[in-house]
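User: I'd like to learn how to read a structure like this one. Could you walk me through some of its features?

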Amino acid sequence: MRRLGRKVAIILALVIVVSLVVPIYVQASTAHNPVITSRGAVVIDFETGTPLFERDARTQRVPASMIKMVAVHVVLDAIRDGEATMDSRIRISQNVATLSRTPGWSNVPLNAGAYHTVRELLEVVIIRSANGATVALGEGIFGSDQALVAQMNAKARSLNIRATFTDSFGISPNNRISPLALAWMMRHLIMDHPHVLDFTSMRNVSWQGGDPMINTNHLLTRFEGADGLKTGFTTPAGFCLVGTAYRDGRRLITVVMGNTLETRFPDTETLLEWGFANADRIVGPVSQQPPQPPTPPELPEIPEIPELPESPEPADGLANPSEANLILNGGTQMPISAYLIDGYHYFKLRDIAYLLNGTERQFEVAWNASANAIHLIGGMHYTSDGTELSLAVPGARPFRTTPSRLYWNGASHAVDAYLIDGFNFFRLRTLADLIGFEVNWIGEVRTVIIDTRLPDPFEHE
């Protein structure tokens, strides 16, 4: 009876998946989807990164000034790394002074030869979308605006997020990023630098003794709990907004793109209201306990390992990205990046560990550098490193056989695994056999169904 029940569950899941139409997460609330006009939109849960609703959210679009928050991210990285401080003084170049007075652009006029602190420039970048101030930060901290743009693209690559930035402040129609990718970048920004919300939540800013300038993000005064992030507009982009709000222990992030002036704030409010009303049933309730710092797992005794053979050639071949969807234990469909190698799907080990957290088959991933060994420890809560569920880098990627040994609860196992962009990828069915969960692949709709639920010990066939 147990096997029959699982087969029925798989068939039902297949029926649900086959019936899907864009947006991909419509099954999360087929009868009560948020009514919005945005051409591209998404709302994600901050804690898990799970998309709660998508509308064409994986299509790259022109993001306009929203990308200034990516520039802010790399500036805050530089401050964290000791390359600047909030009080560092930046001299305004003639180039910046001229740019800051370009007609038709969002700006705060800057005077050549004047000095402003990094904090002052960040405030007008975030609150008034000042193009000139963004370039000033690039010149003052990285040496040039081009160097700032390079850092922005490098940040996207480091997060395995597909994006193209050709300027730092969003005027170019060649800037490209999808709503989902931008939401995930903003999630990383808040995780890395939570104090950025001190800036994005400011209702206004004073500049050079003049009257306070109002934040362009009117969501702050329209939606309870809103505390960021950034507006955007160009003719190719339309009116855009990446927003965030915090209520009752949960934070959501939204992105709307391709809107009109009249719809970007109402659409964002609709997505946030819908998200707070539906998040519990999609990703589960938020913990009522404050998060505790993870305790590093104790590694089991490592057996004597013979000297490893020489590493193979840097590239054993090319793996093609294959973005798949996944349904875990009959729940909501979610995206997961995979690569095709020799006709088989390979999934990132940390993605699987992240997704299985809280299930009967959760496991910790621990790395022992001296032994070049990956340890999987069953029954332990997985400790996230922030790289999970990132989008695959576009295009074929070189892969090589991983030289690392794999241990499951202290026992060595020989499995096929590959290194792609520094991450270990495994065949999902290999992990299923090792860890003990069921997996089914529905090729027609590119969906994996995973069932980790343990058999009922009192149930008999």
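Analyst: Here is a short tour, from the whole chain down to single residues. This is a predicted model, where local features need pLDDT of at least 70, side-chain atom pairs count only at pLDDT 80 or more, and totals for chains, interfaces and linings use all residues. Residues are numbered from 1 along each chain as its sequence is written, and side-chain values use heavy atoms, with hydrogens and water left out.

User: How many helices and strands does the chain have?

Analyst: Helices (H or I, at least four residues) and strands (E, at least two) are DSSP runs, numbered from the N terminus. The chain here has twelve helices and 25 strands.

User: What percentage of the residues in the chain is buried?

Analyst: Buried means under 20% relative accessible area, exposed means over 50%, and partly exposed is in between, using a 1.4 Å probe and protein chains only. Of the 461 residues in the chain, 53% are buried. For contacts, the rule is heavy atoms within 4.5 Å. Among contacts between residues at least 6 apart in sequence, 64% join residues at least 24 apart.

User: Which residues are buried in α11?

Analyst: Helix α11 (residues 349-356) is also mostly covered, with seven of its eight residues buried. They are Leu349, Asp351, Ile352, Ala353, Tyr354, Leu355 and Leu356. After α11 comes glycine 358, with a positive phi near 85 degrees.

User: And how do I describe two helices that pack together?

Analyst: You give the angle between their axes and the distance between the axes. Axes are lines fitted to C-alpha atoms, for helices over the stretch in contact, and angles run from 0 to 180 degrees between N-to-C directions. Under 35 degrees counts as roughly parallel, over 145 as roughly antiparallel, 65 to 115 as roughly perpendicular, and the rest as oblique. Take α2 (residues 68-80) and α4 (residues 118-128): they pack at about 160 degrees, with axes 10 Å apart. That is why α2 and α4 count as roughly antiparallel. In the contact, Lys68, Met69, Val72, Val75, Leu76 and Ile79 of α2 meet Val118, Leu122, Val125 and Ile126 of α4.

User: At what angle do α2 and α6 cross?

Analyst: The axes of α2 and α6 (residues 145-158) cross at roughly 95 degrees and come within 9 Å. So α2 and α6 are roughly perpendicular to each other. On the α2 side, the contact has Val70, Ala71, His73, Val74 and Asp77, which meet Leu148, Gln151, Met152 and Lys155 in α6.

User: Is histidine 193 buried or exposed?

Analyst: Histidine 193 counts as buried because its relative accessible area is 2%. This residue is in the loop between α7 and α8 (196-200). Leaving out residues up to four places away in sequence, histidine 193 touches His73, Leu76, Asp77 and Arg80.

User: Where is glycine 140 found?

Analyst: Glycine 140 is in helix α5 (residues 131-142). With a relative accessible area of 45%, glycine 140 is partly exposed.
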